[in-house]
Amino acid sequence: MSRDSAASAPGESGVRSGRPVGRKMTGSRWGRFMEGGLLQGGVQGSPVLRLFMRWVRRPLLPVMRLWRRNIQLKIVVTTLLMSLGVVLLLGFVVIGQVRNGLLDAKVKASQSQATGGFSVAKQKADAAVTADGDDGSSADGRPSKNVGQWMSDLVVSLSSGGQGAFDVVTLSSSAAGGGAGLGPRYSGDVDPTVSVPVSLRERLDSNTLAAQSYTRVVYKDGRPSQPALVIGKQVNDPNGDPYQLYYLFPLTQEEKSLSLVKGTLATAGLFVVVLLGAIAWLVVRQVVTPVRMAAGIAERLSAGRLQERMKVTGEDDIARLGEAFNKMAQNLQLKIQQLEDLSRMQRRFVSDVSHELRTPLTTVRMAADVIHEARVDFDPVTARSAELLADQLDRFESLLADLLEISRFDAGAAALEAEPIDLREVVRRVVSGAEPLAERKGTHIRVVGDQQPVVAEADARRVERVLRNLVVNAVEHGDGKDVIVKLASAGGAVAIAVRDYGVGLKPGEATRVFSRFWRADPARARTTGGTGLGLSIALEDARLHGGWLQAWGEPGGGSQFRLTLPRTADEPLRGSPIPLEPKDSRRNRGLNDAGLPLGGSGKLATVPVQQQAGGGSASSAAPSRGPIVPRMAGASPTADPTALPGSGSRVVPRPAGSVRRQDDAPTDGERTGQERGRDGVEPEELGHGEAFRGR
Amino acid sequence: MKGRVLVVDDDTALAEMLGIVLRGEGFEPSFVADGDKALAAFRETKPDLVLLDLMLPGRDGIEVCRLIRAESGVPIVMLTAKSDTVDVVVGLESGADDYIVKPFKPKELVARIRARLRRSEEPAPEQLAIGDLVIDVAGHSVKRDGQSIALTPLEFDLLVALARKPWQVFTREVLLEQVWGYRHAADTRLVNVHVQRLRSKVEKDPERPEIVVTVRGVGYKAGPS
């Protein structure tokens, strides 16, 4: 009984209810699959598969992002899934118990009914034998017909007692070999051979005990088949031959009850799941809403709106979070205000001092000039004193002006008056202004990349100030070697680089040059009397434009200062048209600090290095005079001849403005090397330059 | 050359020093140290030029500048310790022709004063037309349909400079050199402010100028006549 009962009726419902479980399992496997491969993009396989995965993944990405970002969704979905699991488990248990209860009662009633029937059949057989005996000897030639008739009568009489509650079937025992020729007898249009399972028949053949099984009753008159309990026993007919008598009890009523219970449970379960989901949503909302509010307010606080506070109601944990948050914001605001006040006072002080100094300084200045004008009438000592006075007043004045300018930047009072300007004009003005100093130093200033207009939205006054500073610095620290001013524009940026071949910068100095009052070598004689604030102001000017001012340098190899400005104001910079490290730097030429070839001759012999060296000297138009010529020639005698300035100067640098539109193929190695640096915007180099991005 | 200069400055040392320098250059300086008394002194001395410190006790320099400008077109040069945008622009908008930032060199100051006074020398008789305006250079008058428009000498100079070469676009730097007499690039805000002031007087609709036209990214030019 147990084996069969487990195999048939529960099996059906098992399959039906098992489907959601199966789906859940595949769901989790799907999830694992997605996490492991699909969403991480780690699918290793054919390109077709990867393409398919990408195609599948794309629409899923927003959903996954929502999943990752939304804790409310996460909790609600988790609650739904878990309550679904619990409800399903509960449903199985309840349905199983109901079914067992229903079947147990039915089976007991059926068994007693069948046992009675079997004994009746036995009695009838015995009675028939006795009656035959009373009638005298029956002819042995017609016993089966009599038995057949008797059996039909038996089936009718047995089934009539049940009033449709059960059907009766007799089958000839297969152990009899079928020689008896008795056909099946049945009541209620039951299809006997199909309805009685073969396994039960075999079991009845082997012993004479009653046996039972579950089956489906199939009717011959087209009624739908029904689940049923079949109980059978081998009984002897009046001739003493065994035959099989079956009682079939349809379980229609029980199945109806069971499906009612199932339906009720499913409805209740669905309600419970949905309600739990809704409850979870509500509960999570209560927690998440303040958290989200806190996040939003924290964001606004960090954006500078310090007066933002959370709304606090009640005294629960959320309210405590809100109170703590507000306290934090309060303290932050206080501290920030204190700091702001302090720095405003300090800036105001600097500004006031600078202004207050100006009026007496004007008087002193005028007096000194009057004295200076009249110095020819003085004795030499007084005349020299007058000269010193005038000179130092100049320096004092520029220092004061720079201080004021810096204080204006610090106070955030500097305003950008940007309009489209051609940077070549600015460069021309700056270079002509620096010419007298350059002549004194024996330096030649050359401008590269000024064939095409280099237009950007910028404040001409500020850009000129920056460039004047850079050029004067380059001339001053250039040791009399050439200074190259290079212009370029690409993408959304324009750049001006000022290159010198002087003492250069030691490692780490490239960031410190922009510090206020920083000096490379305090012992160094100052010839032009800078204030020490020039580069700081230049950096602030660049920042005001949303641009970068960066420095590169190597000891003994000179330095390069690069100003990068966005072509239109308010456009963020992504890169610079000019590399920060010039192509004729020692490292790019494959030389070490001592000026010796790096890594033997093997590296220099490779073609790309040579090309780059050639392009470098071409694009920056390496000076045709100055000590760099012997140094290059002497240090790398095996270098490509194009690296030498003599031949490099033959290559005319392409106009920067038209580079992006021109698609002509490079004609020689020098061109390709040149293009590498000029085409497009190179990604920003890492390192010290990073510190000087605009704010 | 006439050379009466009224110095309005509360710093006595600076005023005295200015006096020394101005006298050395052949001007006749007179002094007033208080903003409240500046207007009376101006009416009394009838100077050819006013040197005006922006920070004054009593009425401040901006106010004094406005009062003087209200009754005279005499050139006003501001002395200011602050070259910040707002201060300078406010000063220029209140009617000053030029400004000079402390500390300045005596030569610089004298050059500015001379540039402002240079115009007083006799110009050749000349008739110019710009838009629907008729300019009599010698008579120092601007007329639209016979109605004369009052301009300060500086505004007049600016208009004449543009009208003399109507085909040319003037950059702000060129105008600074021609009208203000700066030899090297200076603060172009001077030009912007005075073009605005000029437009407010000569244009029918200052929002849509027809006399002094802006050439974006370059400068200004005279409108078609």
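**Chain B at a glance.** Two residues are in contact if their C-beta atoms, placed from the backbone, lie within 7 Å. With that in hand, we can start with chain B of this predicted model. Among the contacts in chain B with a separation of 6 or more, 54% are between residues 24 or more positions apart. The chain has 225 residues, and 39% of them count as buried. Its secondary structure comprises 8 helices and 12 strands.

**Where chain A and chain B touch.** This view shows the contact between the two chains, to which chain A brings 17 residues and chain B brings 16. On the chain B side, helix H1 (residues 12-24) gives the most, with 5 residues. Sorted by class, this side of chain B holds 9 nonpolar, 5 charged and 2 polar residues.

**A hairpin in chain B.** Here you can follow strand S6 (residues 127-130) of chain B into strand S7 (residues 133-136) of chain B; the two pair in the antiparallel sense over 4 bridges. Ile130(B) has Leu133(B) in S7(B) as its bridge partner. There are 2 residues between the strands of this hairpin, and Gly131(B) takes a positive phi near 60°.

**An open sheet in chain A.** Five strands of chain A line up in the order S2-S1-S5-S4-S3, with antiparallel pairing. Strand S2 (185-186) and strand S3 (211-217) of chain A stand at the edges with a single partner strand each, so one side of each has no neighbour in the sheet. Further in, strand S1 (residues 167-172) of chain A is joined to strand S5 (residues 242-250) of chain A by 6 bridges. One pair to look for is Asp167(A) and its bridge partner in S5(A), Leu248(A). Helix H7 (residues 198-206) of chain A lies across S1, S3, S4 and S5 of chain A, and runs at about 20° to S4(A).

**Helix H10 of chain A.** Helix H10 (residues 380-410) of chain A has 31 residues and reaches 45 Å from its first C-alpha to its last, close to the 45 Å expected. Its buried residues include Ala386(A), Glu397(A) and Leu404(A), as well as the run Glu405(A), Ile406(A), Ser407(A) and Arg408(A). The buried residues of H10(A) pack against helix H9 (317-373) and helix H14 (534-544) of chain A. After H10(A) comes Gly412(A), with a positive phi near 70°.

**A kinked helix, H11 of chain A.** Helix H11 (residues 423-441) of chain A has 19 residues and spans 25 Å from first C-alpha to last, close to the 27 Å expected. Look for the kink of about 45° at Glu435(A), shortly before the proline Pro436(A). Among the buried residues of H11(A) are Val426(A), Val427(A), Val430(A) and Ala434(A). The packing partners of the buried residues of H11(A) include helix H12 (460-477), strand S9 (483-490) and strand S10 (493-500) of chain A. Just after the helix, Gly442(A) has a positive phi of about 75°.

**A covered strand, S11 of chain A.** In strand S11 (residues 548-554) of chain A, 7 of the 7 residues are buried. Trp548(A), Gln550(A), Trp552(A) and Glu554(A) point one way, while Leu549(A), Ala551(A) and Gly553(A) point the other way. S11(A) pairs with strand S12 (residues 558-566) of chain A in the antiparallel sense over 7 bridges, and Trp548(A) has Thr564(A) as its bridge partner. The two strands form a hairpin with 3 residues between them, where Gly556(A) in the turn has a positive phi of about 80°.

Methods. Residues numbered from 1 in each chain as written. Chains lettered and ligands numbered in written order. Predicted model: local features only at pLDDT ≥ 70, side-chain atom pairs only at ≥ 80, totals over all residues. Nonpolar A, V, L, I, M, F, W, Y, C, P; charged D, E, K, R; others polar. Pairing = 2+ DSSP bridges. Axes fitted to C-alpha atoms, helices over the stretch in contact; angles between N-to-C directions. Expected span 1.5 Å × (residues − 1). Bend = angle between axes of the 7 residues up to and from the residue. Buried ≥ 20, exposed ≤ 12 C-beta atoms within 10 Å, placed from the backbone.
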